[in-house]
Amino acid sequence: MVIYFDFSTEISETEMDPDSVKSTLSNLAFGNVMAAAARDYQKDLLAQGKANASSSVNNEVDLDELMDDPELEKLHADRIAALKKEAEKRQKLTMQGHGEYREITEGDFLGEVTGSEKVICHFYHREFYRCKIMDKHLKSLAPRHFTTKFVKLDAENAPFFVAKLGIKTLPCVILFRNGVASDRLVGFQDLGGKDDFPTRKLELFLLKKGIIEEKKQDEEDDDHLEGKRTSVRTSVNTDSDSD
């Protein structure tokens, strides 16, 4: 933008006022600055457009090169193989009863605790309130820790193993590793001694004992909604695990 000022025009005494002339010259200077700034801005935009176009071409070349990269192909093949192996392992564990909190009988006991590397077995009594609390928490944890089997056994109907394992107080949660009882949780004494302990407190206890593994963040996200639905169903019917 260029501003022309016609000095040949007759100027009245009012227009010759020094302040008026100063203001006019100031406006003229401002107009020239704005015009120069506009030209510079336009140049910058053109330069930036060319740079982006050049970058886009380079990206296309890099992608083409990556598609033919043998190292990338190997990583992709390794990833596919790992996913396949994980799917096969999960299917095998599902067939062994992992992924849910199940009721077993005394006749099933040996086969269940020796059939998986890590097993958590809750010896309970149908009428004990604290056993129902433990049921609720274990039922919540079972689908979230798939590599560990979660089962429960009615102590009244399993007198042989109750005596064999020296169980005298219920609830009693025994942790088995490769068929051997490695540790146990008796009552709530290691969970604060109160009935309203959070599921996370039990989870931390089991993590410390090494019977379950800490879940990765992406796995947490996948199971979040299902966990919430399970908690709602359990809270609505507190006697759901008593039969």
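Reader: Which residue in β4 does Val119 stand opposite?

Author: In this predicted model, Val119 stands opposite Phe176 in β4. Strand β2, residues 118-124, pairs with strand β4, residues 172-177, in the antiparallel sense, over six bridges.

Reader: And how many bridges join β2 to β3?

Author: Six bridges join them, and these two strands run parallel. To get from β2 to β3, the chain passes through helix α4, residues 129-141, in a right-handed β-α-β crossover.

Reader: Is β2 mostly covered or exposed?

Author: Strand β2 is mostly covered, as seven of its seven residues are buried. Lys118, Ile120, His122 and Tyr124 point one way, while Val119, Cys121 and Phe123 point the other way.

Reader: What lies over the face of Tyr124?

Author: Lys152 does, at 5.1 Å from the ring centre.

Reader: Changing topic: how many aromatic pairs are there in the whole structure?

Author: A search finds five. One of them joins Phe160 and Phe161 edge-to-face, with 5.1 Å from centre to centre and 85° between the planes.

Reader: Why is the pair of Phe188 and Phe197 described as edge-to-face?

Author: The planes of their rings are at 75°, so the pair is edge-to-face, and the ring centres are 4.9 Å apart. Phe188 and Phe197 are both buried.

Reader: Which residues form the aromatic cluster?

Author: The cluster consists of Phe109, Phe123, Phe160, Phe161 and Phe176. Of these, Phe161 is buried, with a relative accessible area of 11%.

Technical notes. Residues numbered from 1 in each chain as written. Predicted model: local features only at pLDDT ≥ 70, side-chain atom pairs only at ≥ 80, totals over all residues. Heavy atoms only, no water. Buried < 20%, exposed > 50% of the residue type's maximum accessible area, 1.4 Å probe, protein only. Helix = DSSP H or I, 4+ residues; strand = E, 2+ residues; numbered from the N terminus. Pairing = 2+ DSSP bridges. Right-handed = clockwise from strand over helix to strand, strands pointing away. Phe/Tyr/Trp six-rings, centres within 6.5 Å; stacked < 30°, edge-to-face > 60°. Lys NZ or Arg CZ within 6 Å of the ring centre and 35° of its normal.
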